[in-house]
Amino acid sequence: MTNIKPNSSSHKSDPNRRQVLAGSAAVAAIGAFGLPVGAQTTAAPAASGAFASLGVPHVRRDGAEKARGGAKFAAEYSYPGMVYGALVYSTIARGTITSLETAEAEAAPGVVLVMTHENAPRLERPEPFYSSPTGMAGSSTPVMQDAEVLWNGQPVAVVLASTQEEADHAATLINVAYEEADAVTSFDVAAESAQTSFYAGRDLLIEEGDAEAALADAEVSVDLSFNTPAHNHNQIEPHAVTVLWKDGILRMHDCSQGVDLSAITIAKVFGISSAEVHLSAEYVGGGFGGKTVWQYHILAAAASQLADRPVRMSLTREGVFRICGARAPTRQRVALGSDRKGRLTSLIHTGTTMKIENNSMTEPFFEQSEHMYRADNMHLEIRAGTMDMLANTFMRAPGAATGTFTLEVALDELAERLAIDPIELRVRNEPDVNPTTGREHSQRASVDAYREGARRFGWVPRSGQRQGYREGEWQVGTGMAAAYYPYKRFPGGAARITLDREGGALIETAAADMGMGTTTATAAVASERLGIPYDAIEVRHGDNTLPGALIAAASQQTAAIGASLTAAHEVLLAELASLVPATSPLHGLPAAELGTAEGALYSLADPHQRIPLIDLVAWSESGTVSAEGQGGPISEWTQDWSMHSTGAVFTEVRVNSVTGEIRVPHITAIYDCGKILNSKLAESQFRGGIIMALGMTLMEGASFDERNGRVMNPSFGSYYMPTHLDVPHIDVGWTDIPDPQAPTGARGIGEIGMSGPAAAISNAIYDATGKRARDLPIRLDALM
Amino acid sequence: MTIEINNRPYDLPDDARISLLDFMRERLEFFGSKKGCNQGACGACTVLVDGERILSCLALAAQYDGRSVTTIEGVANGDELHPLQALFVEHEGMQCGYCTPGQIMSGIALKSELERGAPSNVSSDLTVAPRLSRDEIKERLSGNLCRCGAHNGIIDAVAAYVGGEEQ
């Protein structure tokens, strides 16, 4: 049995917990942890005491500032002469603007500029994701460059005024006339001409053997259809930017998930170099895949240039729904065939989603089906129809969020037909190597996660019979599902380490922290790597003038930072070696034979030979020692290994037999995500994904008017999300087995929580009521 | 026309359209109160007016002549965090931090609401003071949305603050 780390189910502080975790960190630092520098060859300076940082539940570094209300977000920077922006949105899905009446708005109190396609500066089209290595825009749709309208909600005018009230009022005075063109605003219509699509450089089609024939021949099978709607990120901070053009620099205070890529993308639109854009985002009020480059950035900067005034552009909540993309709707088919023992002979996961003409983002909902289970024959395929709508985009666990829902419900239905416990069915199809690539797993303990989750939840094994029971008017049931998310690490990571005279270190990296705790985790990784106490590490992030081009996406940023710190540390060792005096036994040793620990440079061969870092820094000419490194090749996951995180989610559901009301009083989830760097923040990350998935399962959906492509519920009053009373205490745990191929042993934890709960809840609803729910969201009308 | 914010007087704006939230943020640069939806649906703008919580995005500044407003910037004692602020940090009652000021202001207000026996939608008996429970706390905080999913930590922090941790 794997060493599963218990995770306090009560939140009372447990004085022993820190010790347990610190102890495991100390072991990891010298042993199984895979430090690429020679530290694992010596039993000497191990991380201990103040130096043990990984796994320790440090409170978040920015916690007090956020609790005080002192954390400054994008719309909270002010400049003299700053004006406020308001947008006018198109009311047709496709067509041409035939007239724009702006005179009344221009004459309104406080107005300094009305910008339309008639007077906007000439701009390049933004580079969307996958169009170039640095593309960060949601689409390549031109930004206010002509009279063409491509979606319902497209900005057609910008008003700048001295106050927000004046700008908002003036925006209502603009009259726009259109000549409408035919538009595809119905998913049904788009689906008719859907084509096999592509994503991240590959076709979304995998065929192994003849899955249809195997399904037809299977001893037991299920063949199911599912629907999922569009979902909005709904970060509580609406997208905003404060812009200033000064001294040849475009200064932007943004809420970006990737400051460097945002800056490069915006620079290209304006035909300037990225060195002429200074973009920072120290605090980001939630991202979830949606805080990328949308038209408002470009419109704010263009209007600021035209008016020669600093501009604050804060989108209204409705504005976020109109111009910032959402997760695409899907229609999925999952068909499974097996022999009587539950060995999968056929796995078919196909379906249709939508995209727009000007993006390359196809919701990759079959990804978990490639990697979770072995099957003799497979057919995986995603078709995308093109719609005249707001661009769809990445949202927490793209693909896996809805794809795991459908696959894991299908497995539950198959388990029932086989009269095999759902966990046992998954265990019987656990792959020895990656089912589609054939690569070895870098580390995988899915079965341990299933078993530990079952134990902690109190799972009652079943063989084809529902275990649900009735309690008064409530029908009670339980369900489980597996969770899945891939490991990734993107190129572009870099970090700079600067040692100071007091024995501390400054870490600088252009990483983003939308609340995950990036700076806290980075400080811990740096502390462990450098052998410098956690509290003596300062971290600067969220500014494109810092090293690296990182993006907080695909749960990969921590790995990217870890690899960057490893590289910077190697450069630092060479710098330190050059400062070793001739009288020292360390003199002449190459960097590869040196390490740092406990505030000292030491010989790997003879760890007792050491020089305090503060002495080396004091001997340097500048009084600081600085080194920058770039994360190395990313082949660990692109070529060498199968690297995926998995988990198991268990839920108890209560359905009211009179009203259909659904409650979820109990959730247990166990994850196999490699090493957990900070238990306190990790718990919160996992729960965050689970809670967003709870919303996806039971309430969320963006509704489009299929006649005109307009979002009908662009508000928190009509797009429902979980509130406190909807959310139970969520019991989470993890295997905590370091992945030897990941830079810090950690595979990333930000998105896997989003995968699994929807199926676990749907399966529990079936257990409670006998009704299968295969369309999201599962609202009470589906169960009455 | 003056308003008191965190114990200091300010002249109210001439423009009657300005919400209390926008007045504080855009005119006085009290950015601690957040604008999440500007329609009373998220709670990020929650402040206390004479001790009672309100949604400052739904309040016109001009209506608050002579009233005393407390914002998140006004609850700490200098460098020393308010007890609930400290509990939010300890219990990881936040991620991005954008909803946090509103959650804390609601948490402070709900303690006094409970202490004076005000019932909520989940109170089972309206004739007696509500029994302290996690559901009472959750219900009273349900007007404050969190999207990162820090709900468990938030409720733990507020429960510890109101003394309901053992419930």
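How many of the contacts in chain A with a separation of 6 or more come from residues 24 or more positions apart? Such residues account for 80% of them, where contact means heavy atoms within 4.5 Å.

## Ground rules

This is a predicted model, in which local features need pLDDT of at least 70 and side-chain atom pairs count only at pLDDT 80 or more, while totals for chains, interfaces and linings use all residues. Residues are numbered from 1 along each chain as its sequence is written, chains are lettered from A and ligands numbered from 1 in the order in which they are written, and side-chain values use heavy atoms, without hydrogens and water.

## Chain A as a whole

Let's start with the overall build. Chain A holds 19 helices and 32 strands; these are DSSP runs numbered from the N terminus, with helices being H or I of at least four residues and strands E of at least two. Its radius of gyration is 27 Å, close to the 28 Å from the globule rule for 784 residues, so chain A is as compact as a globular protein of that length. That radius is taken over C-alpha atoms, and the rule is 2.2 Å times the number of residues to the power 0.38.

The C-alpha atoms of chain A fill a box of roughly 85 × 75 × 50 Å along the principal axes. Of its 784 residues, 67% count as buried, meaning under 20% relative accessible area (1.4 Å probe, protein chains only).

## An annotated stretch of chain A

UniProt, in an unreviewed entry, places "domain: Aldehyde oxidase/xanthine dehydrogenase a/b hammerhead" at residues 68–182 of chain A; such annotations may be inferred rather than shown by experiment. Over residues 68–182, chain A is 11% helix and 30% strand, with the end C-alpha atoms 52 Å apart.

## The sheet in chain B

Now for chain B, where five strands make an open, mixed sheet in the order β2-β1-β5-β3-β4. Its edge strands are β2 (8–11) and β4 (52–55), each pairing on one side only; two strands pair if DSSP finds at least two bridges between them. Strand β1 (residues 2–5) of chain B runs antiparallel to β2(B) over four bridges, and B:Thr2 stands opposite B:Asp11 in β2(B).

## Helix α2 of chain B

Helix α2 (residues 83–90) of chain B has these buried residues: B:Leu84, B:Gln85, B:Leu87, B:Phe88 and B:Val89. Their cover includes α2 (63–68) and α18 (679–698) of chain A, together with α3 and α5 (151–162) of chain B. Just after α2(B), B:Glu92 takes a positive phi of about 55°.

Terms used. Buried < 20%, exposed > 50% of the residue type's maximum accessible area, 1.4 Å probe, protein only.
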